[in-house]
Amino acid sequence: MNFSLSEEHEMIRDAAREFAQSELLPGVIERDEKQQFPKELIKKMGEMGFLGMMAPTEFGGGGMDTISYVLVMEELSKIDASASVIVSVNNSLVNYGLAEYGSQEQKEKYLSKLTTGEKLGAFCLSEPEAGSDATSQRTTAIDKGDHYILNGTKNWITNGGSADYYLVIAQTDKEKKHRGINAFIVEKDWEGFEIGPKEQKLGIRGSDTHSLIFNDVKVPKENRIGEDGFGFKFAMKTLSGGRIGIAAQALGIASGAYELALDYSKQRKAFGTEICNHQAIAFKLADMYTEIEAARHLVMKAAWLKDQKQNYDLASSMAKLYASKVAMDTTIEAVQVHGGNGFVKEYHVERLMRDAKITQIYEGTSEIQKIVISRSIIDN
Ligand code: CAA
């Protein structure tokens, strides 16, 4: 067993750290306030290779391992979780889904543009009545021979307004329940595809979240991913890896908040000494540090299993469940360590606290992770 990072991993982590400091930190408060994420910044993330990290090099990807991806996600999330969710959805859900299950033509046409940042992807599973209960898809795709006709509404779609290519999950045969679900690649400018209003959110406000409306959208048959009826398994398999990315995001939010709290506690004086010298603060720091380290082990174990081509469904759910709880707990405590300043935007911890909450909700709520974990341990 080896707990240390390779030199290459350290270099990748340092490059992401440097990028986060120089490119993401300036303007992060403004992006949060205005609910905006400039296209140029997405382009810069593409130039750094962050948007195609694990995808095969033959399709423009970096061909890197999941450990590298997790390191980048942690570093970006320490500073700007809105940036890291863009990276996460594009890599874990869209690129991975296409690289693993797409046809050669789909990879050439779509994946090769998504890996470089030329185009951005979105993953569209959730619906007004099918968030956690993903089998209950109301969006329909009716088989018309050489194409499908897509109708329905998707909700809370990350990159909803800014994406170019959308992986859309829809019901093709209701009778067959989850075996009658398919996944399709839909392009933004296709007739009948409408982007709904932007959601006003508590956290990750820089990332744009929209509902999407499909009105008789004609989808060519060659844009279906995999065999007929593969859509539900496609979503589950893809989300399982996605949960490693979100766990890494939660880890980054927690470690970002911890680092700010530690620095602040070494500078701020009360009752004649720096506040880190008071046990009330020192014990908080000890708890934060220990819990973050435990979360990091779970996240790295899940990433390692994926890289070893072993089953990581249980590990990714455990990593997401725990890291997202640590993100929430740590950010609340980091605000407390900062006292009144913690409530003020310029100290960053209030934003991290707001951003932390979504990690317990998207790509499966904490309750969903407990379903996956409990089923796995009971079945074995
Ligand atoms: N890999 C492969 N197959 C899987 C699988 C996995 N990880 N998990 C389930 N399946 C298969 C099962 O084997 C079963 O197939 P068969 O019947 O052919 O054997 C089928 O899928 C149905 O499985 P279940 O009976 O377990 O399904 P269920 O209805 O009980 O639901 C669930 C399982 C875990 C609750 C699932 O619905 C789920 O994960 N829900 C949460 C969905 C989710 O994460 N939504 C987030 C939206 S995406 C998002 O947030 C993106 C973003 O923008 C950031």
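**Buried residues and packed helices**

Modeller: Ser317 lies in helix H9; helices are DSSP runs of H or I with at least four residues, strands are runs of E with at least two, and both are numbered from the N terminus. The model is predicted, so local features need pLDDT of at least 70 and side-chain atom pairs count only at pLDDT 80 or more, while totals for chains, interfaces and linings use all residues. Residues are numbered from 1 along each chain as its sequence is written, and side-chain values use heavy atoms, with hydrogens and water left out.

Biologist: Why is Ser317 called buried?

Modeller: Its relative accessible area is 1%. Buried means under 20%, exposed means over 50%, and partly exposed is in between, for a 1.4 Å probe and protein chains only. Ser317 therefore counts as buried.

Biologist: Which residues is Ser317 in contact with, leaving aside its neighbours within four places in sequence?

Modeller: Ser317 is in contact with Arg243, Gln369, Val372 and Ile373 once those neighbours are left aside. Contact means that heavy atoms come within 4.5 Å.

Biologist: What makes H7 and H9 roughly parallel to each other?

Modeller: Helix H7 (residues 231-267) and helix H9 (residues 313-338) pack at an angle of about 20 degrees, and their axes are 8 Å apart. Axes are lines fitted to C-alpha atoms, for helices over the stretch in contact, and angles between N-to-C directions run from 0 to 180 degrees. Under 35 degrees is roughly parallel, over 145 roughly antiparallel, 65 to 115 roughly perpendicular, and the rest oblique. H7 and H9 are therefore roughly parallel.

Biologist: What is the hand of the crossing of H7 and H9, and how do the residues of the contact divide by class?

Modeller: The crossing of H7 and H9 is left-handed, a term for a near helix turned anticlockwise from the far one by less than a right angle, with clockwise giving right-handed. The contact of H7 with H9 holds 18 nonpolar, eight polar and three charged residues. Ala, Val, Leu, Ile, Met, Phe, Trp, Tyr, Cys and Pro count as nonpolar, Asp, Glu, Lys and Arg as charged, and the others, Gly among them, as polar.

Biologist: How do you know that H1 and H4 are roughly parallel?

Modeller: Helix H1 (residues 7-24) packs against helix H4 (residues 66-79) at about 25 degrees, with axes 9 Å apart. That angle makes H1 and H4 roughly parallel, and their crossing is right-handed. On the H1 side the contact includes Ile12, Ala16, Phe19 and Leu24, and on the H4 side it includes Leu71, Val72, Glu75 and Ile79. By class, this contact has 10 nonpolar, three polar and four charged residues.

Biologist: Why does Glu74 count as buried?

Modeller: Glu74 has a place in helix H4, and its relative accessibility is 5%, so the residue counts as buried. Residues up to four places away in sequence aside, Glu74 touches Ala248, Leu251, Gly252, Ser255 and Arg296.

Biologist: What makes H5 roughly antiparallel to H6?

Modeller: The axes of H5 and helix H6 (residues 104-114) come within 10 Å and cross at roughly 155 degrees. H5 is therefore roughly antiparallel to H6. H5 passes H6 in a left-handed crossing. Asn90, Val94, Asn95, Leu98 and Ala99 of H5 make the contact with Lys107, Tyr110, Leu111 and Leu114 of H6. These residues divide into six nonpolar, two polar and one charged.

Biologist: Why is Ser92 called buried?

Modeller: Ser92, in helix H5 (residues 81-101), has a relative accessible area of 2% and is therefore buried. Not counting residues up to four places away in sequence, Ser92 touches Tyr69, Thr238, Gly241, Gly242 and Gly245. The C-alpha atoms of Ser92 and Thr66 are separated by 9.6 Å, although the two are 26 residues apart along the chain.

Biologist: How do you know that Arg351 is buried?

Modeller: Arg351 belongs to helix H10 (residues 349-358), and its relative accessible area of 4% makes the residue buried. Beyond residues up to four places away in sequence, Arg351 touches Val28, Ile29, Asp32 and Ile79. Its C-alpha atom is separated by 10.0 Å from that of Glu33, 318 residues apart along the chain.

Biologist: Which residues does the UniProt annotation "domain: Acyl-CoA dehydrogenase/oxidase N-terminal" cover?

Modeller: That annotation, from an unreviewed entry, covers residues 6-118. Over residues 6-118 the chain is 71% helix and 0% strand. UniProt also places "domain: Acyl-CoA dehydrogenase/oxidase C-terminal" (unreviewed entry) at residues 231-377, a span that is 78% helix and 3% strand. UniProt positions follow the numbering used here, feature names are shortened, and annotations may be inferred rather than shown by experiment.
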